[in-house]
Amino acid sequence: MFGYIIKKVIGTKNDREVRRLRKALVPRINQIEEQLQSLSDDDLRAKTAAWKAELSAISDDAALARRLDEILPEAFATVKNVCRRMYDRKEKIVVRGQEIIWDMIPFDVQLIGGWALHNGRIAEMATGEGKTLVATMPVYLNALTGRGVHVVTVNDYLAQRDSEWMGAIYRFLGLTVGCIVHDQPPPVRRAQYGCDITYGTNAEYGFDYLRDNGMAIRREEQVQRGHYFAIVDEVDSILIDEARTPLIISGPAVVSADNALYFQYKAQVESLVYAQERLCNRFLKEAEEILKQLRPEDGSNPPNASELERQAGLLLNRVRMGNPRSPALLKLLEDPRNAQLRQAAELELHTDQKKVQLYAEKEELFFAIDEKGHEADLTEKGRNFLSPNDPDAFMLPDLITAYHEIDTGPEPDLRKRMEQKAKVQAEFEAKAQRIHVISQLLKAYCIYQRDVQYVVQNGKVVIVDENTGRLMTGRRWSDGLHQAVEAKEGVEIERETQTLATITIQNYFRLYKKLAGMTGTAETEAQEFWDIYNWACWWCPPTSHASGRTFTIRCTKPSGRSGTLWCAKSRGSTTRAVPSWWAPSPSKPVNT
């Protein structure tokens, strides 16, 4: 309570720093910008060239950072002045084939947002506050170093749009602007990275890094020139939601399983999966019977309630390990009491450090599924189901011991001993391939769902990006998984691939010496940003032109169905943009 009162009286640290910048930095920038209005366009470009020559000669990072802070007010004022000049002249800019008139001049709070980005913070700005324009000031300032600035967007369209739209400012001042998009050849990419400012998506930057450091043989084949400063748009989506997403470059596998094996063992794995479903359904029926005993219709409490709760929880958790997507299980777990029983059972199983009871529970199933780890492991029961007459079918021979026994055996002929070793080696490879193929088929049937993780188009399995929902045409899962999914769907199986280079989004962005981000929803992930990246979130106050209130419109579609729209009404504005098929309900007039 005391802390809440203090915050209300003197404000948060963020509020106090905003007030300080409003009093010191913002007036200084505006004062310089007024002075710049008397200069010619060539004079502004000359200032940029002079700064660039000075800063590119500084090799010490600490000295460079100090000098950038010194010229920050003048550099920000230069960008604002350019925006004013283009606004006054009604400058026409071609953006994605459409001619638009420049109509933006940075507000005071946008100057504060630019300061936050330059200082490597996450600037949280509400939708419509002009994050794209805010980024131009720190981008311009850091591009003067000649080390290259990367602006990261969420898709190719935004990268191309912003490079053309905001690029008008940079080109006005004599800086070069590049854009990295899909399917550009290496010489073009190298030229784009050679620009002072480069726009692109996180995937394009990441894959170029992998190709440069995992596949390029000579320096001339590399396209990137370093990782100095990057500003990430929608930073919570890229560095939180997609942080652990691996970027993978694959190539044809040197040694791969015979594709015919996938179809050979497909029927066996299908039978195993169906057997598991029947087994889990039986466990669910037993759990339902126990739950009826635990909660009789008369509302009485059975004398052995604690034991019944434990049995029901174990059965529900067993089914979750064996068939986590079972509709019957999901329906039962909708009841919070049942979900609590299952969680208690899971906690009990993991409390034992030796995991004896956990392994015993898994052995009740044919295989155990770990959705989070994308794994499906056969149990002894499952191995016996697949090979009832061969208990050693999933046991790989010990090659070292076998070779030793052959070398110390009674056979004197060296050639025959070599033939015996070759036979043991062939047996080992055959068993290893069989185990590998069955394991990948099991994953394909139990973890990878059609129209969720992948789709089938034109007789090919196409991966779906889990974060964006976009089709990743041309990309394939490695280590035989893609072949297993192709066998499951009955399409032509293509050659197996292997991973040549990989890096996660999170690890890639750790390469940059300076990193900043923008988003409209940083507050919910603020603690996560601090824990993972040691990154502070900075809330930027709204501009006065955007302050307003929220109102609700009750609308009716032409079909008669109704719905609710949440809209923001800007101060002094009387227009509202809504889809053409929405119409206010006559029974509930709109009050704004």
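**Exercise 1. Two helices, one angle**

Are α14 and α22 parallel, perpendicular or oblique to each other?

*Solution.* Start with the ground rules. This is a predicted model, in which local features need pLDDT of at least 70, side-chain atom pairs count only at pLDDT 80 or more, and totals for chains, interfaces and linings use all residues. Residues are numbered from 1 along each chain as its sequence is written, and side-chain values use heavy atoms, with hydrogens and water left out. Helices (H or I, at least four residues) and strands (E, at least two) are DSSP runs, numbered from the N terminus.

Step 1. Two packed helices are described by the angle between their axes and the distance between the axes. Axes are lines fitted to C-alpha atoms, for helices over the stretch in contact; angles run from 0 to 180 degrees between N-to-C directions.

Step 2. Take α14 (residues 259-294) and α22 (residues 481-489). Their axes come within 9 Å and cross at roughly 50°.

Step 3. Apply the classes: under 35 degrees is roughly parallel, over 145 roughly antiparallel, 65 to 115 roughly perpendicular, and the rest oblique. α14 and α22 are therefore oblique to each other.

Step 4. Find the contact (heavy atoms within 4.5 Å). On α14, N259, Y262, F263 and K266 take part; on α22, Q483, A484, A487 and K488 do.

**Exercise 2. A second pair**

Work out how α5 and α8 pack, and list the residues that make the contact.

*Solution.* Step 1. Helix α5 (residues 61-88) packs on helix α8 (residues 136-143) at an angle of about 125°, and the axes are 9 Å apart.

Step 1. That angle makes α5 oblique to α8.

Step 2. The α5 side of the contact is L68, I71, L72, A75, F76, T78 and V79, while α8 supplies T136, M137, P138, Y140, L141 and N142.

**Exercise 3. Polar side chains inside helices**

*Solution.* Step 1. Set the cut-offs. Buried means under 20% relative accessible area, exposed over 50%, and partly exposed in between (1.4 Å probe, protein chains only).

Step 1. E33 sits in helix α3 (residues 25-36). Its relative accessibility is 2%, so E33 is buried. Beyond four places in sequence, E33 is in contact with A77, K80, N81 and R84.

Step 2. Look for a polar contact (a pair of N or O atoms within 3.5 Å; within protein, one must be able to donate a hydrogen and the other to accept it, and residues adjacent in sequence count only if both atoms are side-chain atoms). The side chains of E33 and Q37 form one at 3.2 Å.

Step 3. Y205 belongs to helix α12 (residues 202-214). At 0% relative accessibility, Y205 is buried. The side chain of Y205 reaches the backbone oxygen of T198 at 2.8 Å. Among the other contacts of Y205 beyond four places in sequence are H150, Q224 and Y508. Y205 and H150 are 55 residues apart in sequence, yet 8.9 Å apart C-alpha to C-alpha.
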